[in-house]
Amino acid sequence: GVSNGVSNGVSNGVSNGVSNAKFEEAVHSNGTVPTSNGDLSKPSSPSVLPPSLSQESLFVDLRFDESKDQYHVKKSTNTTNQILQDFAEVIKSRTDFHLGYPYNLNYNHDEILGFMRYSINNLGDPFDDSNYGVHSRPFELAVLDFFARLWKIEKPDYWGYVTTSGTEGNLHGLLVAREVLPNAILYASKESHYSVFKAARFYRMDAISIDTLHTGEIDYFDLEKKISENRDREVILNVNIGTTVKGAVDDLQRILRILVSLNVPEDQFYIHCDGALFALMLPFVKYSPEVSFALPIDSVSVSGHKFLGCPMPCGVIITRKKHLEKIQTNVEYLASKDTTIMGSRNGHAPLFLWYTLRRKGCAGIIDDVRQCIENAKYLRDRFKEHGISCMLNDLSTTVVLERPYDEEFIVKWQLACQGSIAHVVVMPNITKKKLDTFVEALVLSRAKVSEKNPELSSRCVKVDVGPFCSCPRCVDSAKGSIR
């Protein structure tokens, strides 16, 4: 691929008729360009290509390491077709053991795969026309309108775009926040997604980390204390609609009551809601807390590849249109405004999101939400049957469990771990049958570890999940307190 394109171009323009075979032989052996008489013994000066730039450098061999349930890459002489076949087998195998990260792998986009042959680029502002004609902006606008209506903000009042991920949504929301309130302090719980504190570093924002409860929810007393200590500064708040590790949902209305009690006027605070997973799910749960622009919030970000499912990472950011004045600039050669983090933007992602929403509809989303919540409760109960410490927050599909001692088991099932805990995120593609297989494998793994070292039969995770720890010490302590 690359070496052929580069070497042929140089050959036609420089080597003056030397055969491609001899030219490539020279390049692949010592990185030199042959002279016009075909003499390969003397390197030309200067060398056009570095010695390492050859087609061989693009050969890889995907070898699956059964002892670690991982594959590694090394140089190979396999054909391109064989390399891709090997990769397909590896990806399928790893997909079958995927429980620790929130990606819905249950989707089918065969009907629109033909659009992958086009370079669809939604560069510029999605609400502006551009001179670039190969775009999917009408589909992007339809997706944005869906989320705007979901979060209760009218068409003239909102702005947004399809992002590359939930992280980009956070980066954009907090960039707007900083421009709206340049003297503000960013407050975010210590269990917020790492991208929130990354944004603070990128934008040189003063940030304060807030303690959390054992559930992962923000500690409201600590939040109130730290805001009150800095009442001379404006407030930017990151509210988690599902924390990364424990799936905890911060109580937005309680946070708003804190701001009222501290006499913080609405023009002196900006609230960004990081709803990577649950901001799409909660509106479809009866009697769930409201997360919408009917409340004085300023932006919401969500991932598109997580709950909905998409072949490429993507997301959506929605904010109040009035805030865009602080960041937008005109770009003449695009005939558009610069309002997004990225310049060129993936035009396929909006098409895939639109297709999924169109085919699934609200009824399909409701079914998926119900199934995920039901299966998460099922997994929690299976863990309890086997005395495995676990916790499932209300409104969550993230089941926290004590981290297995068997690291190979963790790698095989791709569990996300933090300290002494791990979690399983139940998505629409995760069935009860798969959960049963996982639990049975976990019980067997624990038995093998315990047989070698009885002291490793269970972990104490009281510091992580509080009263939900099921280790012998905590169970005995609970029994003693009852007596």
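I began with accessibility: buried means under 20% relative accessible area, exposed means over 50%, and partly exposed is in between (1.4 Å probe, protein chains only). The model is predicted, so I kept its rules in view: local features need pLDDT of at least 70, side-chain atom pairs count only at pLDDT 80 or more, and totals for chains, interfaces and linings use all residues. Residues are numbered from 1 along each chain as its sequence is written, and side-chain values use heavy atoms, with hydrogens and water left out.

**Entry 1: positive phi.** Most residues other than glycine have a negative phi. I looked for exceptions. Lys 152 has a phi near 60°. I found Lys 152 in the loop between α4 (137-150) and β3 (158-163). Helices (H or I, at least four residues) and strands (E, at least two) are DSSP runs, numbered from the N terminus. Is Lys 152 buried or exposed? Lys 152 counts as exposed, because its relative accessibility is 51%. Ala 335 also has a positive phi, about 55°. Ala 335 lies in the loop between β10 (329-331) and β11 (336-338). With 39% relative accessibility, Ala 335 is partly exposed.

**Entry 2: aromatic pairs.** I counted rings of Phe, Tyr and Trp (its six-membered ring) as paired if their centres lie within 6.5 Å; planes under 30 degrees apart are stacked, over 60 edge-to-face, and the rest tilted. The count comes to ten aromatic pairs. One of them joins Phe 146 and Phe 147, edge-to-face, at 5.3 Å centre to centre and 85° between the planes. Phe 146 is buried at 14% relative accessible area, and Phe 147 is buried at 3%. Next I checked Phe 409 and Trp 413: their ring centres are 6.3 Å apart and their planes are at 40°, so the pair is tilted. These two residues sit four apart in helix α12 (residues 407-413), which means about one helical turn separates them. Phe 409 and Trp 413 are both buried.

**Entry 3: charges over rings.** My test was NZ of Lys or CZ of Arg within 6 Å of the ring centre and within 35 degrees of the ring normal. The charged end of Arg 254 sits over the ring of Phe 221, 5.5 Å from its centre. The charged end of Lys 432 sits over the ring of Tyr 378, 5.2 Å from its centre.
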